[in-house]
Amino acid sequence: MTHETYTNPVLNADWSDPDVIRVGDDFYLTASSFGRVPGLPLLHSRDLVNWTLVGHALQRLEPAEEFTAPRHDCGVWAPALRYHDERFWIFWGDPDQGIFQVNAPEIRGPWTHPHLLKEGKGLIDPCPLWDDDHDEAYLVHAWAKSRAGIKNRLTGHRMHPDGTTLLDDGKVLVDADRIPGWFTLEGPKLHLHDGWFWILAPAGGVETGWQGAFRARGFFGPYEEKVVLEQGDTDVNGPHQGAWVNTPSGEDWFLHFQQRGAYGRLVHLQPMRWDEGWPVIGDAGAPVAVHRKPDLPPQPTAAPATDDDFPGGRYGRQWQWTANPQDGWATHHSGDGLRLTCARTADTDDLRRLPNLLTQRLPAEPVAVEVELRLHSQELGARAGLAVLGDAYSWIGLQRGVDGTVMFVHRFAEPVAVGAPPTPIGQWGSERDASEPCLAPSARVRLRIEIGRDARCRFFYDVGDGPRPSGQVFAATPWRWVGALLGLFALAPIGTGHAGAAGFARFRISSLH
């Protein structure tokens, strides 16, 4: 009998720190969303291979006043998704605020307002567990040294079954400083299986780490450990941090991420089995590149949406703002196409500081990104464009000059040193021209970015007389924890009154294979 196969990664973009559950015949996945809004993406699958984005659980980041400006590496870290008492639950850590949870009767909501379960700095990667047989509930979490001064340990609490209160001060369940060779233990996922409490947790760092399994007869330990997935002789670096899930027929599977530079953290699917009481993930503990599909009904090929015609001026679920949005950034209308208001800002020369960038993930394969742009604004200095955004960025688009003419422009900015304060406009860190401006007499342009291997970007534009290349090759760069993004924006200098708008139409991402 011939079995259909799948090829990793099953999600070929930055769906960071995935967690997955099964409810009936349906699988659901959530992932870190950091400082982007809406947050906590919700993906659905029937076969663990083909996924679609069905919504978000978090419409605004809290506290709202902390996210009026971009905080690209902050916000929602490593959520845990669970189903209990006929409700969906998501717990996550904000390294600057503490541990939050939301819940809903259906995956599409309505989701509750975020509840701060445990306040404190450096509390990350929480995961709950309900032991219904004994009417107990528990929570485990990790620590971020950058905020708490400690890491490499997991702390456990008893929790009220309603998920609103912790019942004790917590106890260290695993101190990996006492395990030879282990460092940066984090991302725990908590399970009950075969009479054991299991903590599946990664260690060793984002790019080169491994997946560990810990088990104990009681929640508070003592725990014994084993490495259950590592790179081995494969090309999959750091295969770790993810979710164990089973199928209705009893198969076990494990989803994890792989850090791929500018692309962020891609999601892989591994077979999983049990041997002498321990999980064995992948091919004898090493990740597989190709494998037979799970024993599930065949499904049509699917992936999270990327293209958008913006019907009625509404953008699709794949788009996220870089901070909590304000009313009026995008306006609805009767036709197709996205209409972005040219928001007034003093940061016209640094897109990294703008909250009104509308972004989506960068595909981790060679693609061409295209969009049509029209600059409606009559405001001098107004500009709009398509950006590849990260710690460094480059964008192409239109700008209205001091004489009122509209020019095609191409600009870039170099990386900002980690921890450096924002730089004044015009000093080191602000934008520079990547090519000579070109007149766009109709105030329209077709923009195209071809993104090749290693996220190397080539830029093209067409103002009506055919496509032309622009500037030098630009290598996309991630932030510290977040992959590079594609972004649309419209802005104008500080002034009074409404600054007008820019229109975007027919956004497309196509393969270059």
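Arg-292 is partly exposed, with a relative accessible area of 31%, and in this predicted model its side chain forms a salt bridge with Glu-251, in which the closest N and O atoms are 2.8 Å apart. This pair links distant parts of the chain, since Arg-292 belongs to strand S22 while Glu-251 sits in the loop between strand S18 (240–246) and strand S19 (252–259), 41 residues apart. Glu-251 has a relative accessibility of 16%, and because buried means under 20%, Glu-251 counts as buried.

A second pair of this kind is made by Arg-344 and Glu-379, whose side chains meet in a salt bridge of 3.0 Å from N to O. Here too the pair links distant parts of the chain, with Arg-344 in strand S25 (residues 343–344) and Glu-379 in the loop between S27 and strand S28 (383–389), 35 residues apart. Arg-344 is partly exposed at a relative accessible area of 22%, and Glu-379 is likewise counted as partly exposed, at 25%.

Glu-370 forms a salt bridge with Arg-448, the closest N and O atoms being 3.3 Å apart, and the two residues, 78 residues apart, lie in strand S27 and strand S33 respectively. Arg-448 is partly exposed, with a relative accessible area of 22%. Both residues also belong to a network of salt bridges that links Glu-370, Glu-372, Arg-446, Arg-448, Glu-450 and Arg-506. In the whole structure, a search finds 25 salt bridges.

Which residues of strand S33 lie on its covered face, and which on its uncovered one? In a regular strand the side chains alternate between the two faces of the sheet. In S33, which spans residues 444–451, the covered face carries Val-445, Leu-447, Ile-449 and Ile-451, whereas the uncovered face carries Arg-444, Arg-446, Arg-448 and Glu-450. The network of salt bridges described above includes Arg-446, Arg-448 and Glu-450, which are residues of this uncovered face.

Strand S33 has partners that can be followed in turn. Strand S27 (residues 367–375) runs antiparallel to S33 and is joined to it by eight bridges, and in this pairing Arg-374 stands opposite Arg-444. Strand S34 (residues 456–462) also runs antiparallel to S33, joined by six bridges, and there Arg-448 stands opposite Phe-460. The hairpin of S33 and S34 has four residues between the strands, and in it Asp-454 takes a positive phi near 60°.

In soluble globular proteins, nonpolar side chains tend to be buried together. The largest nonpolar core has 51 residues, and those with the most contacts inside it are Phe-408, Leu-447, Ala-476, Leu-488, Phe-504 and Phe-507. Strand S27 gives the largest share of this core, five residues. A second, separate core of 41 residues includes Ile-179, Ala-203, Leu-351 and Leu-354.

Arg-506, one of the residues in the salt-bridge network, lies in strand S37 (residues 501–511) and has a positive phi of about 50° although it is not a glycine; at 42% relative accessibility, Arg-506 counts as partly exposed. Phe-310 also has a positive phi, of about 55°, without being a glycine, and is found in the loop between strand S22 (290–292) and strand S23 (320–321). Is Phe-310 buried or exposed? With a relative accessible area of 0%, Phe-310 is buried.

Cis peptide bonds deserve a look as well. One joins Val-37 and Pro-38, with omega about 0°, and Pro-38 is found in the loop between strand S3 (26–30) and strand S4 (39–45). Another joins Glu-62 and Pro-63, with omega about -10°, and Pro-63 is found in the loop between strand S5 (52–58) and strand S6 (77–84).

The walk ends at Thr-341, which is found in strand S24 (residues 338–341) and is buried, with a relative accessible area of 14%. A polar atom of the Thr-341 side chain lies 2.6 Å from the backbone oxygen of Gly-328, and the residues that Thr-341 touches include Trp-329, Thr-331, Ala-490 and His-498.

Notes: Residues numbered from 1 in each chain as written. Predicted model: local features only at pLDDT ≥ 70, side-chain atom pairs only at ≥ 80, totals over all residues. Heavy atoms only, no water. Buried < 20%, exposed > 50% of the residue type's maximum accessible area, 1.4 Å probe, protein only. Pairing = 2+ DSSP bridges. Polar contact = N/O pair within 3.5 Å; in protein donor to acceptor, adjacent residues only side chain to side chain. Contact = heavy atoms within 4.5 Å. Core = buried A, V, L, I, M, F, W, Y, C linked by side-chain atoms within 4.5 Å. Salt bridge = Lys/Arg side-chain N within 4 Å of Asp/Glu carboxyl O. Lists of a residue's contacts leave out its neighbours within four places in sequence.
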